[in-house]
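Here are a few exercises to work through with the model open. Try each task before reading its solution.

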Amino acid sequence: MVIDPEATKRALDEICIESGVDVALHGFVGSAQRQDNRLASVTFHDHGGAHTVHARSFVDASGDCDLACFGGASTRYGNHGDVNLGTLGTRFGGIALDIQVSADMLVQAVGAARARGLGPITKDRSVVARLPGSGDVVCYLASADYDPRDNASLSRAEMLGREQAWVYLEILRSIPGCERAYLVSSGPDFGTRESRHINSVRQLTWQDVTNQVSQPDTIALGAWGVEWHDRNTFASTMQLPPNGGAYDIPLRCLISADTANLFAAGRTADGDKQAGASMRVMGTAFATGQAAGVAAANLADSGVVDPADIRKTLTAQGALLEPQRATRTDRHRLTAINNDVACMIVTCSERPRRIERGLREIRIADCSGGVEVGITTSDCANPEAQSAAEYCIEVVGCLTCSQYVRPRRPLMIS
Ligand SMILES: Cc1cc2nc3c(=O)[nH]c(=O)nc-3n(C[C@H](O)[C@H](O)[C@H](O)COP(=O)(O)OP(=O)(O)OC[C@H]3O[C@@H](n4cnc5c(N)ncnc54)[C@H](O)[C@@H]3O)c2cc1C
């Protein structure tokens with residue numbers, strides 16, 4: 001999904017106004033005060049100086065878990081030495097809308113640039129998306145191994161990222177039709193995928209997800225895979241949840257283990273390396289944010305954290321708490337629903353299993369890691385698909401290993 005940043009800002013402003021939220025933009029939380037096992041207040045700084053706000057409950061949605069850390073709650077950085085890589089988003093203009101720029105084309109261009117000794121270059125592959133309106137091309141390539149808690153490290157990374165942005169521009173310009181591309185923007189900030197997490201009452205683990213553990217205090221669902229960007233190789237991998245389905249996120253992984261009135265939201269939530277790499281994405285961050293907010297309000301109003309009450313409120317607000325666990329039959333239905341042009345069954349073995357609805361089957365060596373699979377319309381047996389302008393496959397299920405293979409065209413690897 002591609003979002004329009006300006007429309008998003010405006011929509012969020014409207015939501016805050018409608019909900020009566022007191023908004024304090026451009027304040028930075030630098031400390032929090034603790035009383036026994038609770039937070040008592042938080043102090044933020046802005047151009048007016050320091051301001052202290054007292055509250056009965058708190059949500060840390062800072063991404064870096066600053067509030068929890070400054071308030072003396074138990075936190076940790078990454079997971080056992082592993083921390084997801086950060087990347088500086090770049091936006092390029094000057095590329096006509098009828099010019100195709102694909103991830104594969106970019107990979108080739110990066111390879112050629114490496115061979116000519118161009119640098120610094122980190123990532124070879126990125127999602128390539130066109131922004132609505134401007135048609136600008138967005139890529140997530142310029143990366144750095146830095147520690148977001150350390151200002152000097154972050155500053156070096158951002159400067160290195162900007163240097164890379166110009167190198168990637170040069171690379172982009174080597175793609176036919178992109179000769180007049182220019183850099184519209186970088187960032188604005190380096191994108192930190194992972195920093196500190198709270199240590200919670202009960203960490204969500206990827207084993208919970210693969211075992212499809214039903215959590216009694218589910219307050220949100222996750223559905224994204226383990227999207228990992230490696231700090232050493234700069235390579236990206238993706239491991240989807242079983243059956244491509246949704247999984248339960250328990251309230252307990254949002255509740256601080258040692259600070260009774262503190263909740264985590266977004267990427268501060270407590271997941272192990274893989275669960276954290278799945279839960280951190282925007283849709284899931286919205287869901288854990290909503291849940292943490294409801295839980296904090298529940299505690300402030302009633303003095304207790306009641307999972308049943310919180311679930312009731314979330315359900316009334318329209319939150320999705322019950323995953324539709326995909327069965328094999330569901331998967332077939334899903335392929336049909338998700339693709340109004342054509343769908344295809346892919347296997348990861350050498351033995352073709354079946355061809356459904358007259359569509360062609362293709363085989364791939366290994367579908368682990370969310371391999372991209374695509375055929376051009378002219379390759380497809382479906383006459384409907386042949387008349388479509390673009391690739392004809394969307395979501396496909398691997399019948400051999402039960403993994404889903406993600407859509408080729410809308411695939412967003414961040
Ligand atoms: C390069 C990149 C590409 C991505 N692409 C996608 C994608 O395509 N789809 C997707 O779903 N997800 C994507 N993600 C993941 C997603 O953007 C983040 O994981 C998600 O934004 C996490 O949300 P969050 O609210 O937890 O943290 P953040 O979005 O980081 O928000 C934290 C906020 O807290 C503020 N803050 C931090 N510390 C303080 C403090 N001390 N005082 C006051 N304010 C503070 C920050 O300024 C920030 O506004 C991408 C991430 C990266 C890095």
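Two residues are in contact if their C-beta atoms, placed from the backbone, lie within 7 Å. This is a predicted model: local features need pLDDT of at least 70, side-chain atom pairs count only at pLDDT 80 or more, and totals for chains, interfaces and linings use all residues. Residues are numbered from 1 along each chain as its sequence is written.

**Exercise 1.** Work out what share of the contacts between residues at least 6 apart in sequence join residues at least 24 apart.

Solution. Take the protein's contacts at 6 or more places apart, then keep those at least 24 apart: you end up with 68%.

**Exercise 2.** Find where the pLDDT (the predictor's confidence in each residue, from 0 to 100) is below 50.

Solution. Next, go to residues 325–414, where pLDDT is below 50. That stretch still has 154 contacts in the model beyond near neighbours in sequence. Where pLDDT is low, though, the predicted coordinates should not be read in detail.

**Exercise 3.** Decide how well helix 1 is covered.

Solution. Helices are DSSP runs of H or I, at least four residues, numbered from the N terminus. Helix 1 spans residues 5–19. Now count its buried residues (20 or more other C-beta atoms within 10 Å of the residue's own, all placed from the backbone): the count is zero, so helix 1 is hardly covered.

Technical notes. Helix = DSSP H or I, 4+ residues; strand = E, 2+ residues; numbered from the N terminus. Expected span 1.5 Å × (residues − 1). Buried ≥ 20, exposed ≤ 12 C-beta atoms within 10 Å, placed from the backbone.
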